[in-house]
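Me: Can you walk me through the charged pairs in this one? Keep it brief.

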Amino acid sequence: MLTRSLARPGLALLFALLALSPAVSAQRLGSISGTVRAAGQGPFLEGARVVLVGTALLVSTSSKGEFAFHGLTPGRYVIQASAIGYATLSSPVDVKALETLEVEFETEPSTVRLPDVEVAVKPNLPADFARRSVSGGGRYYSRADIEKRAAATVGDLLRTVPGMRVDCRGPICRVQLMRAPRNCPPAFFLDGVPANAETVMLQPPRDLEGIEVYSGPAETPPELERLASCGAIALWTRMPPPWIRKDKKPKQEKKDTTKPPPPKLDTASVTGLG
């Protein structure tokens with residue numbers, strides 16, 4: 001007896017693709033894992049706050065100082081770690097599909113005061129800051145400029161910038177550029193990645209390497225302008241912590257010790273020929 005299916009081939013193929021698409025897309029995601037510990041191979045820090053800047057992803061470290069982010073879309077992120085009594089550290093990282101990037105934070109205690117010494121420190125400003133500062137389109141502040149102002153918060157620091165109004169009446173400071181339209185805040189960037197105002201305001205000024213301020217679209221560089229219709233403020237943190245990509249080594253085939261060794265060549269019979 002001949003049976004006939006009432007399902008259309010086109011619909012069956014569509015349903016199959018819809019069922020497979022989540023699994024296929026999930027296989028293209030990446031991950032970040034790592035640890036937070038005190039400098040000098042010190043103890044691992046439990047309860048340290050680790051966040052991907054500009055996102056809602058935030059975790060706390062375990063009793064062994066471990067943290068992890070799974071299911072990340074491939075791309076560039078800024079990962080930041082902070083713990084009470086220790087310096088805040090951040091670093092840009094590149095997440096690739098099907099890979100787990102391992103990051104190791106080693107942070108210095110922030111409560112210890114070292115003796116005052118005069119040291120000539122070479123600035124560690126990124127290439128983007130140096131290139132844009134030469135063009136002179138905005139206002140640029142190096143670490144020396146930031147330290148001269150001795151500000152307790154980023155909000156207090158931005159108050160010293162001409163043409164900027166900072167309102168810190170609430171828990172989060174609101175920034176308004178004089179040349180920008182009313183109720184049109186500037187865009188914020190942290191280590192080259194778009195960030196929200198809350199994340200930027202939480203940065204300790206002592207951890208900053210440089211600041212860029214652009215009062216309006218006419219001053220804003222092209223690479224920032226698409227997100228900064230009312231000006232932009234870019235912060236750069238100090239030297240990022242070392243991070244190590246640990247690639248998985250291919251498994252080596254184990255030698256089969258059960259097989260007998262190959263027979264040795266009888267050199268005496270070979271040399272005796274001829």
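**Salt bridges**

Reply: This is a predicted model. A network of salt bridges links Asp128, Arg131, Arg132, Glu212 and Glu223.

Me: How many salt bridges are there in the whole structure?
Reply: The search finds seven.

Me: Where do Asp128 and Arg131 sit in the helix?
Reply: Both are in helix H2 (residues 127-135), three residues apart. That puts about one helical turn between Asp128 and Arg131.

Me: Is Asp128 buried, exposed or partly exposed, and which is Arg131?
Reply: Asp128 is partly exposed, at 33% relative accessibility. Arg131 is partly exposed too, at 45%.

Me: New topic. Which residue does Glu209 pair with?
Reply: Arg143. The salt bridge is 2.7 Å, N to O. The pair links distant parts of the chain, 66 residues apart. Glu209 is in strand S13 (residues 208-214), and Arg143 is in helix H3 (residues 143-149).

Me: Are Glu209 and Arg143 buried or exposed?
Reply: Both Glu209 and Arg143 are buried.

Me: What are the relative accessible areas of Asp156 and Arg159?
Reply: Asp156 has 30%, so Asp156 is partly exposed. Arg159 has 40% and is also partly exposed.

Terms used
Residues numbered from 1 in each chain as written. Predicted model: local features only at pLDDT ≥ 70, side-chain atom pairs only at ≥ 80, totals over all residues. Heavy atoms only, no water. Salt bridge = Lys/Arg side-chain N within 4 Å of Asp/Glu carboxyl O. Helix = DSSP H or I, 4+ residues; strand = E, 2+ residues; numbered from the N terminus. Buried < 20%, exposed > 50% of the residue type's maximum accessible area, 1.4 Å probe, protein only.
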